Each structure stands twice: as C-alpha cells, then as structure tokens.
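Notebook open, model loaded. I'll jot down what I look up as I go.

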Amino acid sequence: SSKALKQHSDSSSPHRAAIHGSGVLLSMLVREFPKLAGGLPRALIKKVLAVSEIMVSCQSNEALATSGSANVCIRAGFCILSGVLSTGPGGVDSHMPLIVELWQNTVKAAKQGGKAIPQEDVLDCLGAALTSVVSFLKYCSELLLSIPEALYQLTMLLEEVFPLLLPGGPF
C-alpha cells in the first residue's frame, strides 16, 4: 500500500541523506588528492570508480527504485564520478569504457520511461549523468581525441539525450 511505502520511505530518509553526503564528501576528497604530495594513486581511482559504478548500477535494482533510494544512489555515484573526472585525464583514460557505459546505461534507463527508475526520478538521474559529462568535457576533453571512439560515443550519447529534453519529449 502507499501508506506502507511512505512509512518505508520516511524511515529510510536518514540513510538516503547519509548516502548522498558520503558521495559528495568522497567526490570532494578525490578532487583534492592530486594537490597533495604524491598525487592521486591510480589504484585509488580504480577503487573510487568501482564505488561509483556500484552506486549508479542501482538504477537496475527495482527494490531500491520503489523506495526512492535508487535516485539517491545514482546521483551520489555520478557525483563521485564527477570528482574523479575533475582530477584530469591522467588517471581516467584507462577507465573510459566503464565511464561511457555508466552514461549509456542511464540514458537507456531514461529512454525506457521509468521502468527501472520511477518516472519522477528519471530526470534527476539523467541530470546527474549529464553533470558528470560536463565534468568530463571541462577536465578531460583531450581524451576525446586521444582515445579512439570517445568522441563518437559521446556524440551518440548526447544525440540520444537531446530528444528526451526537447518539447514533445517525455520531460
């Protein structure tokens, strides 16, 4: 029933806030690591990206989607990804296939119209993914030319997104 769902959502609210806050904190810490002596170890980038991947993959978990937790996890995952991307192309280049896959899966979920994510959360999740695309373009744009297929993949991704956001689109 909707009353039971609302009570469940209300009881999970502190946990969702903790997930969001932890994602923001991790994103900020990762962004600061390159400024330290020794910089940001590649192994740490790999681990942080694994956390981001797990968070974003919540979009395929229907149990989380119905509780509203998937939205928070996905946004936190893309926040973490944005933090990694803000460190520049040095540690990101070898992870581009994963990063593109995360973006593509989110666009695919948005195009499905709320099957995996409730319709009211789709735009939030798509916005978080696009924010990380902007971070990529700002801090890692040279990878568009140095990694085969990167420019093509990003162009195709944006071509799929724009019709969703135009008048007559689902949003």
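I started with serine 132, whose side chain makes a polar contact with the side chain of tryptophan 103 at 2.7 Å. Keep in mind that this is a predicted model. Serine 132 sits in helix α6. I also looked at the backbone around it: the backbone oxygen of alanine 129 is 2.7 Å from a polar atom of the serine 132 side chain. Buried or exposed, this serine 132? Its relative accessibility is 0%, so I put it down as buried, the cut-off being under 20%.

Next I searched the whole structure for aromatic pairs and got 1. It is tryptophan 103 with phenylalanine 136, edge-to-face, with 5.7 Å centre to centre and 70° between the planes. Tryptophan 103 belongs to helix α5 (residues 96–111) and phenylalanine 136 to helix α6 (residues 119–139), so the pair ties together parts 33 residues apart in sequence. I checked burial for tryptophan 103 and phenylalanine 136, and both are buried.

Then helix α4, residues 69–85. I noted 17 residues and a reach of 24 Å from first C-alpha to last, close to the 24 Å expected at 1.5 Å a residue. How many of the residues of α4 are buried? I get 15 of the 17, so the helix is largely enclosed by the rest of the structure.

Last, the surface. I found a nonpolar patch of about 460 Å², made by Leu123, Phe162, Leu165, Leu166 and Phe171. I followed up one of these, leucine 165, and placed it in helix α8 (residues 150–165). Leucine 165 has a relative accessible area of 40%, so I logged it as partly exposed.

Note on methods: Residues are numbered from 1 along each chain as its sequence is written. This is a predicted model: local features need pLDDT of at least 70, side-chain atom pairs count only at pLDDT 80 or more; totals for chains, interfaces and linings use all residues. Side-chain values use heavy atoms; hydrogens and water are left out. Patches are made of residues with over 30% relative accessible area and no salt bridge: like charges are joined within 9 Å, nonpolar side chains (Val, Leu, Ile, Met, Phe, Trp, Tyr) within 5 Å. Accessible areas come from the Shrake-Rupley method with a 1.4 Å probe; for residues, only the protein chains shown count as cover. A salt bridge is a side-chain nitrogen of Lys or Arg within 4 Å of a carboxyl oxygen of Asp or Glu. Helices (H or I, at least four residues) and strands (E, at least two) are DSSP runs, numbered from the N terminus. Buried means under 20% relative accessible area, exposed over 50%, partly exposed in between (1.4 Å probe, protein chains only). The expected span of a helix is 1.5 Å times one less than its number of residues. Rings of Phe, Tyr and Trp (its six-membered ring) pair if their centres lie within 6.5 Å; planes under 30 degrees apart count as stacked, over 60 as edge-to-face and the rest as tilted. A polar contact is a pair of N or O atoms within 3.5 Å; within protein, one must be able to donate a hydrogen and the other to accept it, and residues adjacent in sequence count only if both atoms are side-chain atoms.
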